[in-house]
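Q: I would like to learn how to read the features of a model like this one. Please show the structure, then take me through it.

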Amino acid sequence: MNDITPVRLDKWLWAARLFKTRALAVDEINKGRVSVNDAAAKPARDMRIGDRITLRRSGLDTVLDVRGLSNQRGPASVAQLLYEETPASIEARARAAEARRMGTEPALAIAQGRPTKRDRRQLGGWQRWSASVDDEPG
């Protein structure tokens with residue numbers, strides 16, 4: 001787990017089970033959603049113990065401190081030993097979850113729901129368009 005050999009960022013993210021595949025990790029890194037030590041990162045960047053990784057997901061930043069290095073993807077219990085989430089990040093995630101829970105129900109924003117087939121036919125001033133030849137003026 002704590003190898004001295006350097007580990008690529010994309011491989012570490014995959015081994016830590018933060019992304020399902022290395023390709024997904026590379027895509028997120030290239031989109032600028034992953035930074036290391038508050039600097040833009042590239043997939044081939046060598047990771048070191050003590051580095052701070054910021055992941056941007058769904059408008060929320062997750063800040064992780066690297067605690068171990070691994071080239072191999074193992075069980076989740078081992079992967080969780082590779083990093084530690086900062087207390088500020090945990091608190092921000094909890095606040096966001098609470099805000100989502102206390103937010104309005106999207107279904108309540110619809111006053112009457114979807115129109116029925118009859119309602120759609122009766123929409124005021126709206127005439128159906130027909131592409132038939134019989135409807136030509138003249």
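A: Helices (H or I, at least four residues) and strands (E, at least two) are DSSP runs, numbered from the N terminus. Read from the N terminus, the elements of this protein follow the order β-α-α-β-β-β-β-β-α-β-α-α. That comes to five helices and seven strands.

Q: What should I know about the model and its numbering before going on?
A: The model is predicted: local features need pLDDT of at least 70, side-chain atom pairs count only at pLDDT 80 or more, and totals for chains, interfaces and linings use all residues. Residues are numbered from 1 along each chain as its sequence is written, and side-chain values use heavy atoms, with hydrogens and water left out.

Q: In what order do the strands of the open sheet lie?
A: Two strands pair if DSSP finds at least two bridges between them. Here five strands form an open sheet in the order β3-β2-β5-β6-β7, with antiparallel pairing. The edge strands, β3 (39-40) and β7 (83-85), each pair on one side only.

Q: How many bridges join β5 to β6?
A: Six bridges join β5 to β6, and Ile 53 stands opposite Leu 64 in β6. On the other pairings, β2 and β5 share three bridges in the antiparallel sense, with Val 34 opposite Leu 55 in β5. Three bridges also join β6 (residues 60-66) to β7, where the bridge partner of Asp 65 is Glu 84.

Q: Which helix lies across β6 and β7?
A: Axes are lines fitted to C-alpha atoms, for helices over the stretch in contact, and angles run from 0 to 180 degrees between N-to-C directions. Contact means heavy atoms within 4.5 Å. Helix α4 (residues 87-102) lies across β6 and β7 and runs at about 155° to β6.

Q: Is Ser 35 buried or exposed?
A: The classes are set by relative accessible area: buried means under 20%, exposed over 50%, partly exposed in between (1.4 Å probe, protein chains only). Ser 35 has a relative accessible area of 8%, so it is buried. Its place is in strand β2 (residues 34-36). Leaving aside neighbours within four places in sequence, Ser 35 is in contact with Arg 52, Ile 53, Thr 54 and Arg 56. As a general point on strands, side chains in a regular strand alternate between the two faces of the sheet.

Q: What do the totals for the protein come to?
A: Buried residues make up 26% of the 138 residues. Accessible areas come from the Shrake-Rupley method with a 1.4 Å probe; for residues, only the protein chains shown count as cover. The accessible surface of the protein comes to about 10,300 Å², and 52% of it belongs to carbon and sulfur atoms. Among contacts with a separation of 6 or more, 45% are between residues 24 or more positions apart.

Q: How many aromatic pairs does a search of the whole structure find?
A: Rings of Phe, Tyr and Trp (its six-membered ring) pair if their centres lie within 6.5 Å; planes under 30 degrees apart count as stacked, over 60 as edge-to-face and the rest as tilted. The search finds one aromatic pair. The ring centres of Trp 12 and Tyr 83 are 6.4 Å apart and their planes are at 75°, so the pair is edge-to-face. It links distant parts of the chain, with Trp 12 in helix α1 (residues 9-15) and Tyr 83 in strand β7, 71 residues apart. Trp 12 is buried, with a relative accessible area of 0%, whereas Tyr 83 is partly exposed at 21%.

Q: Which residue lies over the face of Phe 19?
A: A charge sits over a ring if NZ of Lys or CZ of Arg is within 6 Å of the ring centre and within 35 degrees of the ring normal. Arg 57 lies over the face of Phe 19, at 4.7 Å from the ring centre.

Q: Where does Ser 58 lie?
A: Ser 58 lies in the loop between β5 (52-57) and β6. The hairpin of these strands has two residues between them, and Ser 58 takes a positive phi near 55° there, although Ser 58 is not a glycine. Its relative accessible area is 82%, so Ser 58 is exposed.

Q: What is the phi of Arg 17?
A: Arg 17 has a positive phi of about 60° and is not a glycine either. The residue lies in the loop between α1 and α2 (22-30) and is partly exposed, with a relative accessible area of 39%. Leaving aside neighbours within four places in sequence, Arg 17 is in contact with Arg 73, Gly 74, Pro 75, Ala 76 and Ala 79. The C-alpha atoms of Arg 17 and Ala 76 are separated by 7.0 Å, and the two residues are 59 residues apart along the chain.
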